[in-house]
Amino acid sequence: MPKDGGIGASSKRREDIRFLTGAGNYTDDINLRGQAYVFFLRSDIAHGTINNIDTSAAEGMPGVVKVFTAADFAGVGGMPCGWQVTDKHGEVMQEPGHPILATGKVRHVGEPIAAVVAETLAQARDAAEAIDVDITELPAVIDMKDALKADAPKVHDDLKNNLCYDWGFVEENKAAVEEAFQNAAHVTTLELRNNRLVANPMEPRVAVGDFARGTGDHTLYTTSQNPHVIRLLMGAFVLGIPEHKLRVVAPDVGGGFGTKIFHYQEEAFVTFAAKACNRPVKWTSSRTEAFMSDAHGRDHVTTIQLALDADNNFTALRTDTHANMGAYLSTFAPSVPTWLHGTLMAGNYKTPLIYVNVKAVFTNTVPVDAYRGAGRPEATFQLERVIDKAAIELGVDAIELRRQNFITEFPYATPVAVEYDTGDYVATMDKLTEIADLAGFEARRKESEARGKLRGLGVNCYIEACGIAPSNLVGQLGARAGLYESATVRVNATGGLVVMTGSHSHGQGHETAFPQVIAEMIGIDESMIEIVHGDTANTPMGMGTYGSRSIAVGGSAMVRATEKIIAKAKKIASHLLEASESDIELKDGAFSVAGTDKSVAWGDVTLAAYVPHNYPLEDIEPGLEETAFYDPSNFTYPSGAYACEVEVDRDTGQVTIERFSAADDFGNIINPMIVSGQVHGGIAQGIGQALLENCAYDENGQLLSASYMDYAMPRAYDMPFFSVDHSCQTPCTHNPLGVKGCGEAGAIGSPPAVVGAVVDALRSAGKDVTHVNMPLSPSRVWAAMQ
Amino acid sequence: MYNFDFVKPATVDEAVKALADDEAQALGGGQTLIPTLKQRLASPSKLVSLTGIAEMKGVSKQGDAVVIGGGTTHRTVAEEAASAYPGLADLASRIGDPAVRNRGTIGGSLANNDPSACYPAAALGSGATIVTNSREIAADDYFQGMFTTALEEGEIITEVRFPIPQKSAYAKIAQPASRFPLVAVFVAQYGDGVRVAVTGASNNGVFRWSEAEAALSGNFAADALDGLTVASDDMIGDLHGTAAYRSHLVGVMAKRAVAAAS
């Protein structure tokens, strides 16, 4: 029976009322008295030396408050990088400076060169056009392999070359992997590209800086997934403002998908400029600016090799990946192709030996960083595609090849340094086989063929790692931040609760799902619980939302804080009931004495905490408020199996998705409806990557796909109805809720299924095709058929 | 956008006078011009809106032609031309999205002559007559290459006359991002022959595929096009499709249009 409330209920998303009726409070809705506007003059060339910037004409333009160039930021720190990778030789990565405004050189189209603050945005823009920038254009490096050639132009003159790092993982395995390939009965090799994407959240980035002259307090309102992280990075490393004088507010945020994790120049700029101009300064990104200033995603070029023995057991895997960093290191960029990618290369399979090599490369392009899945989609894509290719080469069934190599015993220590606590890959594949009606595929293929269409089926698995942790381990791996989460639970006198969490919600539904957990723990109605997030002034230090970590890490912190609340409330109840504390039970919102009919309601206990007339003041303090910080002992490992069926038009190469099924294991589930929605959204983004989205540069570094006229976003009619199932549940063993996280799974699991389905369709027409690079545009699919 | 003056005349004569000023620019539905202005890629001193001119709006059947006012929106054409000229109405119903169709006008589309626009295929494929405030221009003379037409400065398309064919259809494959035609073909069968117009494909804008017209005039069937190809030399090659692919699609879309013609 579906529950009406609490854990496992499909409670309706309470936040949708404001989102869907125009009552949200987004950063662009915030307008402060005396506010001025900034327009950034951005580079229209990819690489060049700045000879001179003449702002004199602009400064005299109507409405101009102040014109800023790099010279105004002398003594101000650059944009920090939050993860330092150590390469295979034990040396730390090359880490270039990252100024707020271009200094000496421009390094990508879209890099801010100057900024005009004016009374209106139009005046700021007019004045920006009057700035005379003298730049000598230099040859741009765009292709990663070209960038590593000895004679390649250097993106950063003060670095040795364009190689950020050359990472080997696990370096100690390398010789054994080589030997396994020598002894393999079969080796399958696949070269592929994981296409560059632009996240394109519906709400573009916005930042409003404010400065209170009377107190010296700074406030930044920004579209962030993690306001505390921005406060720490910007305050400590860029502007030198201590946390107690800097408040960062991320109110309603209209989608993040990773690209709003990072600290951006515009945030530092408006905070700095608000003080310099002594008035609030606002920046709202246009969509065009978003394409050339939001961190991009993916952009890996990989050669992967799979070794098998004579019985088709996987014996070894090795990969050689070039990962594009863009022109500068975005906040967490170095971690994405390394620790978020190499550690997942075992996938769902018991391959005993794995070696991953990643060369991170600087190019004259927008910085690349985490995008929904961040490293894990790249790992899954190459692994699942090479398995498909191996099955083709060996003439065996691709699903059976997977099943044969599944990890079946848990916990399982992979050869890439992580330990999966739980999982059941046979169960999810069995469930997928059922919900996708794989048995009926051949009949559907015949029906498609009767209509002149090619039909194909792609099936693959995925493994994901969420709630990256623990902090002491990630510190050893190069993280310059902790990865805990916090929660303060404040119980009010009349029994309602406010939960102040470091987990930020920008579409995930925390305001609905988090109360379900507490309602279940106390036995009260969800409507008595309110979630507060997104403001460093009223939430405890938290690390924010990304990597599907909110329920696993933030939810666990909330549980721990609520446990403290319940423990204290039991003490109060035992006093009120004149019973031993060990006899007090909490059920359905009332404390009772075991074995008696004596009880006291939740609200009476909370009232006593704040009106402590009859209260054990000598033993416990009044009030009912507790804080917990939770630092997980391991990642969580969601997994699943996905199936895609496509039809391909032989004449045009157009692909339509006819069926898409997903069987996921997310451990325990708080709100099945929200989980399904997360999977739907993830699959939609994965289909977008597989069929449509492509961020492309020309050889001079001009962004060819800089608007929706050329960057193809998925639309509702590109999607089939999804069949999703999350009834396979192997709970996480190391967090109190047994949850694993579900936000990225769809985007990780779906691209290989789509590509596999298209390849299968083409092969059904006798085409000798084993892979087609994404996006599978009609033009590319048609070319693959020729 | 930059500042500009704005006028909204009520008659064609007033509009012509307003457009006589230097740097004045006619504004139809604004589906291309407004985004261009917002990107500051154009800086007219004055916009002359044509949307308030009643005599330039509407769809009527006059003899064996459908006559459409230059200021008529795509949506109105889709609805009001449906019985007289279903192939044309179908084309109009598939331009852009509802917002575009409720604002965009046939005169605006033809005056802009985007190489990937839909209406030029219908006008050229129907042998339409483009009527302006000063003259009548045959479609064969009107389209003069990408974004180039026979219109003089300040000349306004007041109406477009489409001879009604016996059969017609429009087949389109959409560019995945913009949903403009990657390639689209309009086919119309008249008593004196078949016209085939191709949009989205050529660097020279909309064009007639004369070999296909000859073949179809003899036998109006999709397989009459078997073996016919369009040279890829002048085809557009970009992110979304190579010249060879577009050349191939011309044949595919032409066959589909013929098969769908009614």
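A nonpolar core is a set of buried Ala, Val, Leu, Ile, Met, Phe, Trp, Tyr and Cys residues joined through C-beta atoms within 7 Å. In this predicted model, the largest such core has 318 residues. Helix α15 (residues 550-577) of chain A brings the largest share of this core, 12 residues.

**The core and one of its centres**

- Inside the largest nonpolar core, the residues with the most contacts are A:V38, A:V116, A:V758 and B:V185.

**Where chain A meets chain B**

- The contact between the chains draws on 17 residues from chain A and 11 residues from chain B.
- On the chain A side, helix α19 (residues 778-785) of chain A provides the largest share, four residues.
- By class, the side of chain A that touches chain B is made of 10 nonpolar, five polar and two charged residues.

**Chain B as a whole**

- Chain B contains 10 helices and 12 strands.
- The radius of gyration of chain B is 18 Å, close to the 18 Å that the globule rule gives for 262 residues, so chain B is as compact as a globular protein of that length.
- If you are setting up a view, the C-alpha trace of chain B spans about 55 × 45 × 30 Å along its principal axes.
- Among contacts in chain B with a separation of 6 or more, 60% are between residues 24 or more positions apart.

**Domains of chain B**

- Chain B splits into domain 1 (5-49), domain 2 (55-163) and domain 3 (167-260).
- The centres of domain 2 of chain B and domain 3 of chain B, taken over C-alpha atoms, are separated by 19 Å.
- Across this boundary, 20 residues of domain 2 of chain B are in contact with 25 residues of domain 3 of chain B.
- On the domain 2 side, α4 (86-93) and α7 (119-126) of chain B each supply at least two residues, and α7(B) gives the most, with six residues.
- That side of domain 2 of chain B has 11 nonpolar, seven polar and two charged residues.

**Domains of chain A**

- Chain A is divided into domain 1 (27-138 + 202-255 + 260-293), domain 2 (296-468 + 634-785) and domain 3 (484-630).
- For domain 1 of chain A and domain 2 of chain A, the centres over C-alpha atoms are 36 Å apart.
- The two are in contact through 24 residues of domain 1 of chain A and 22 residues of domain 2 of chain A.
- Helix α8 (residues 287-293) of chain A gives the most to the domain 1 side of this contact, with five residues.
- The classes on that side of domain 1 of chain A are 12 nonpolar, nine polar and three charged residues.

**Strand β17 of chain A and its partners**

- Eight of the nine residues of strand β17 (residues 354-362) of chain A are buried, so β17(A) is largely enclosed by the rest of the structure.
- Strand β7 (residues 163-169) of chain A runs antiparallel to β17(A), with six bridges joining them; here A:Y165 stands opposite A:A360.
- Strand β16 (residues 314-326) of chain A pairs with β17(A) in the parallel sense over nine bridges, and A:G326 has A:F362 as its bridge partner.

**Strand β22 of chain A and its partners**

- Strand β22 (residues 497-501) of chain A is mostly covered, with four of its five residues buried.
- Strand β21 (residues 485-491) of chain A and β22(A) are antiparallel and share five bridges; A:R490 is partnered with A:V498.
- Five residues lie between the strands in the hairpin of β21(A) and β22(A), where A:G495 takes a positive phi near 105°.
- β22(A) also pairs with strand β23 (residues 529-532) of chain A, in the parallel sense over four bridges, and A:V498 has A:E530 as its bridge partner in β23(A).

**A three-stranded open sheet in chain A**

- The order β4-β2-β6 (chain A) describes an open sheet of three strands with antiparallel pairing.
- Its edge strands are β4 (105-106) and β6 (132-137) of chain A, each pairing on one side only.
- Strand β2 (residues 48-54) of chain A and β6(A) are antiparallel over six bridges, with A:I50 partnered by A:I135.

Notes: Residues are numbered from 1 along each chain as its sequence is written. Chains are lettered from A and ligands numbered from 1 in the order in which they are written. This is a predicted model: local features need pLDDT of at least 70, side-chain atom pairs count only at pLDDT 80 or more; totals for chains, interfaces and linings use all residues. Two residues are in contact if their C-beta atoms, placed from the backbone, lie within 7 Å. Ala, Val, Leu, Ile, Met, Phe, Trp, Tyr, Cys and Pro count as nonpolar, Asp, Glu, Lys and Arg as charged, and the others, Gly among them, as polar. A residue is buried if 20 or more other C-beta atoms lie within 10 Å of its own, exposed if 12 or fewer, and partly exposed in between; C-beta atoms are placed from the backbone. Two strands pair if DSSP finds at least two bridges between them. The radius of gyration is taken over C-alpha atoms; the globule rule is 2.2 Å times the number of residues to the power 0.38. Domain bounds come from an automatic or database domain assignment.
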